[in-house]
Amino acid sequence: MKSKLAIPATLLVIWSAAGCSESAATDSSDAQGEATATQNGMPDINGLSTYNGLNSHNGLNVYNGLNTYNGLNSYNGLMSTFDGRLTTSYLVKCALPAGRQVTKQDQYNAWYTYQGAIGMGPGWESGTCDANCQQGISACMMAHVNTAGVHIPLWLDSPATSVGWGQSPDYPNEEGTYFGNIFTPNPSTGKNDAFYCNNPGWTNSVVPGRLGAYQPNAPYTNPFGQNAQCAGNCAAPSSPNQHDGWASCKGYNTPVTVWRQNAPTFTNGQSYKICSNYSGHCLDEWMSWPDDGVQIVQWDYVGNNNQKWLINATSGGYFKICNKNSGKCIDVDNGADPVNGAMNDGAKIQQWTYGGTDNQQFSISPVGGGNYAIVAKKSSKALDITDWNTANGANIQQWYYWGQANQIWTITAVN
């Protein structure tokens with residue numbers, strides 16, 4: 001039995017004391033079984049376009065090792081922007097095994113170190129990334145995309161020996177399978193083959209920015225048709241792993257199958273407190289006022305009804321979150337723009353009479369350790385404590401989800 005790489009840590013950015021360098025934190029690993037646990041969270045950024053891909057324009061050369069000057073070019077391409085360096089961190093994470101790393105400079109001579117973890121293309125560290133290497137890294141990169149930036153735990157299966165087969169009871173939902181080659185354009189289309197197909201469990205744990213649902217900027221497509229299943233289109237591995245994922249799809253022999261955790265469930269009529277892991281304070285309807293438009297703030301939990309919330313499923317994996325005191329529900333304020341206002345970073349989180357609109361519905365996505373991201377359906381942006389404020393009365397807003405501590409919440413049943 002091949003040991004599993006347990007990779008529970010999300011991508012972290014660490015700034016040096018000098019304030020001018022960043023690196024991807026090393027993911028821990030231990031022997032726990034088969035396949036690979038990891039977290040996603042890479043948004044749709046440069047390097048993962050179906051037209052541009054991971055090619056020479058991004059400072060990459062598959063014929064030279066990542067640790068050589070020309071394999072991953074310092075000073076330009078991916079290394080020249082924050083988004084490009086984020087792509088690079090996932091590229092190295094997918095390509096190299098745990099314990100290996102790549103160190104590069106940007107155009108300002110700042111150094112960055114990126115850690116390996118999954119090992120889909122170990123030979124690329126100092127040599128060529130051939131077709132098998134490109135396909136394995138492509139599948140791994142696509143499996144880590146979340147266009148809303150939401151970091152969620154994933155379980156990976158693949159015929160690649162660095163990943164392997166096996167299931168985990170903690171990840172019961174077979175979400176989708178990813179395959180293709182995002183390095184080299186297909187001669188017949190002029191585009192890179194960036195593909196996925198659905199598996200039966202993809203609707204059981206809806207997360208903004210995952211698979212083909214609710215993400216207009218997805219860098220991959222389903223070549224078998226809208227919402228088409230992998231079953232009947234992909235070949236299964238041999239026994240005893242025939243139910244663990246897919247061995248090949250559309251001629252690609254290194255696909256990655258993703259499994260996800262269950263969506264949270266909440267009891268109708270049960271009250272919950274929703275508290276920040278960062279400040280320790282809880283969501284609070286300001287001053288217990290019953291009016292539409294009242295700001296949602298954070299406050300020390302004292303058990304009043306204006307700090308208790310009823311969480312009820314709507315549809316498609318979303319929830320409405322309504323205050324026990326006022327009966328009104330969490331709502332992203334449109335501000336002065338009734339059409340697009342609720343899409344903006346910094347939009348006010350308030351209470352409002354429930355009308356079923358998308359700015360009143362939220363995904364509640366597990367992000368590990370019993371914690372959740374709470375993300376608006378309309379904007380794909382997360383509940384966030386304004387300006388990292390730790391004081392009672394600090395306003396709650398929405399902001400692009402980066403997985404920061406002021407965007408992470410615990411949800412606990414209360415009397």
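Let's start at glutamate 175, which is buried, with a relative accessible area of 0% (buried means under 20% relative accessible area, exposed over 50% and partly exposed in between, with a 1.4 Å probe and protein chains only). The model is predicted, so local features need pLDDT of at least 70 and side-chain atom pairs count only at pLDDT 80 or more, while totals for chains, interfaces and linings use all residues. Residues are numbered from 1 along each chain as its sequence is written, and side-chain values use heavy atoms, with hydrogens and water left out.

Glutamate 175 forms a salt bridge with arginine 260, their closest N and O atoms being 2.2 Å apart (a salt bridge is a side-chain nitrogen of Lys or Arg within 4 Å of a carboxyl oxygen of Asp or Glu). Glutamate 175 sits in strand β7 (residues 173-181) and arginine 260 in strand β11, so the pair ties together parts that are 85 residues apart in sequence. Helices (H or I, at least four residues) and strands (E, at least two) are DSSP runs, numbered from the N terminus. Arginine 260 is buried too, at a relative accessible area of 3%. A network of salt bridges links Glu175, Arg210 and Arg260.

Asparagine 199 also touches this region: leaving aside neighbours within four places in sequence, its contacts include Glu174, Glu175, Gly176 and Trp246 (contact means heavy atoms within 4.5 Å). You will find asparagine 199 in the loop between β8 (193-198) and β9 (234-235), and it counts as buried because its relative accessibility is 0%. Its side chain makes a polar contact with the side chain of threonine 177, at 3.1 Å. A polar contact is a pair of N or O atoms within 3.5 Å; within protein, one must be able to donate a hydrogen and the other to accept it, and residues adjacent in sequence count only if both atoms are side-chain atoms.

The largest nonpolar core has 54 residues, and Leu66, Trp124 and Ile137 have the most contacts inside it. Such a core is a set of buried Ala, Val, Leu, Ile, Met, Phe, Trp, Tyr and Cys residues joined through side-chain atoms within 4.5 Å. Helix α2 gives the most to this core, with seven residues. Not counting residues up to four places away in sequence, isoleucine 137 touches partners including Leu91, Trp124 and Phe183. A second, separate core of 25 residues includes Ile311, Ile349, Leu383 and Ile385.

Two further salt bridges are worth a visit. Aspartate 292 pairs with lysine 328, with closest N and O atoms 3.2 Å apart. Aspartate 292 is in the loop between β13 (282-285) and β14 (296-299) and lysine 328 in the loop between β16 (319-323) and β17 (329-332), so this pair ties together parts 36 residues apart in sequence. Aspartate 292 is partly exposed at 32% relative accessible area, whereas lysine 328 counts as buried at 17%. The side chains of lysine 381 and aspartate 345 meet in another salt bridge (3.2 Å, N to O). Lysine 381 is buried, at 15% relative accessible area, and aspartate 345 is partly exposed, at 35%. The structure holds six salt bridges.

Finally, the whole protein: it has two helices and 23 strands, and 55% of its 415 residues count as buried.
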